[in-house]
Each structure stands twice: as structure tokens, then as C-alpha cells.
Amino acid sequence: MLAISADSPPCHTAFAQASKLPFPLLSDMHRRAIAAYGVLDTERNVAWRSTFVVDRDGVLRWGQAGDRQMVRDGAEVLRVLDVIGRLRAV
């Protein structure tokens with residue numbers, strides 16, 4: 001698992017340490033990944049709040065995006081990961 005945002009590496013380091021995150025935060029200051037995934041709000045030059053599940057083969061399996069007020073459902077992400085894990089076991 002990893003996270004990507006347009007924040008700077010020093011900002012990520014501070015956030016990761018304060019939050020005790022067990023996964024890396026990647027910086028996309030040039031918005032290349034954000035644009036590639038279609039979640040760049042060009043008017044504000046920020047990314048929509050987004051979650052994507054990409055499998056080990058690099059295939060995008062699931063995603064959701066919305067504005068800052070949108071609540072992301074962690075339970076749904078866990079459900080998707082469980083389904084993908086079962087498919088890989090077959």
C-alpha cells in the first residue's frame with residue numbers, strides 16, 4: 001500500500017511521522033499521476049480525494065473520486081481487497 005498526493009516530500013514526512021503511517025507517501029508535485037488517473041481539478045490545480053486499488057500486475061481494479069466533502073468508505077476498500085485476494089487464490 002502507498003499513498004500519492006501533490007504535497008511536497010517534507011510535508012509527507014511530517015504527516016507520516018505524526019500519523020504513524022505504516023506505508024509510504026509519494027509526492028506528485030508535478031501532478032503527472034494525478035492527471036493520468038483523471039482526478040486533477042485543473043481549475044484549482046489540486047487532486048480530487050481519490051482511492052484506487054491497483055493489483056500486483058498493475059491492473060486498475062477499482063476506484064472512487066470526489067470532492068473534499070466526500071466521505072471515503074474504508075470498509076468498501078477492504079471489501080474490494082478481499083475480493084481481489086480471493087480471485088488471485090482461484
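**Close-up views of the predicted model**

**Figure 1. Surroundings of Val 53.** Leaving aside residues up to four places away in sequence, Val 53 touches Val 59, Leu 60, Arg 61, Trp 62, Val 77, Val 80, Leu 81 and Ile 84. The model is predicted.

**Figure 2. The largest nonpolar core.** This core has 5 residues in all: Val 53, Trp 62, Val 77, Val 80 and Ile 84. Helix H3, residues 74-89, gives the most to this core, with 3 residues. Val 53, itself a member of the core, touches Trp 62, Val 77, Val 80 and Ile 84, among others.

**Figure 3. The salt bridge between Arg 61 and Asp 55.** The structure holds 4 salt bridges, and one of them joins Arg 61 to Asp 55. The closest N and O atoms of this pair are 3.2 Å apart. Side chains of opposite charge can pair when their charged atoms come close. Asp 55 has a relative accessibility of 12% and therefore counts as buried, whereas Arg 61 is partly exposed, with a relative accessible area of 36%. Arg 61 is also among the residues that Val 53 touches.

**Figure 4. The salt bridge between Asp 41 and Arg 44.** The side chains of Asp 41 and Arg 44 meet in a salt bridge, with an N to O distance of 2.7 Å. Asp 41 counts as buried because its relative accessibility is 12%, which is under the 20% limit for buried residues. Arg 44 is partly exposed, and its relative accessible area is 46%.

**Figure 5. The salt bridge between Arg 79 and Glu 76 in helix H3.** Here the side chains of Arg 79 and Glu 76 meet at 2.9 Å, N to O. The two residues are 3 residues apart in helix H3, so about one helical turn separates Arg 79 from Glu 76. Arg 79 is partly exposed, with a relative accessible area of 45%. Glu 76 is partly exposed as well, with a value of 23%.

**Figure 6. The whole chain, for orientation.** The protein chain has 3 helices and 6 strands, which follow the pattern β-α-β-α-β-β-β-β-α along the sequence. Its C-alpha atoms fill a box of roughly 40 × 30 × 25 Å, taken along the principal axes. Of the 90 residues in the protein chain, 19% are buried. The chain exposes about 6,700 Å², and carbon and sulfur atoms supply 56% of this area. The protein chain carries 12 positive and 10 negative charges, whose mean positions are 5 Å apart. Among contacts between residues at least 6 apart in sequence, 16% join residues at least 24 apart.

Technical notes
Residues numbered from 1 in each chain as written. Predicted model: local features only at pLDDT ≥ 70, side-chain atom pairs only at ≥ 80, totals over all residues. Heavy atoms only, no water. Helix = DSSP H or I, 4+ residues; strand = E, 2+ residues; numbered from the N terminus. Buried < 20%, exposed > 50% of the residue type's maximum accessible area, 1.4 Å probe, protein only. Contact = heavy atoms within 4.5 Å. Areas by Shrake-Rupley, 256 points an atom, 1.4 Å probe, with all protein chains shown as cover. Lys, Arg positive; Asp, Glu negative; His and termini not counted. Charge placed at Lys NZ, Arg CZ, Asp CG, Glu CD. Core = buried A, V, L, I, M, F, W, Y, C linked by side-chain atoms within 4.5 Å.
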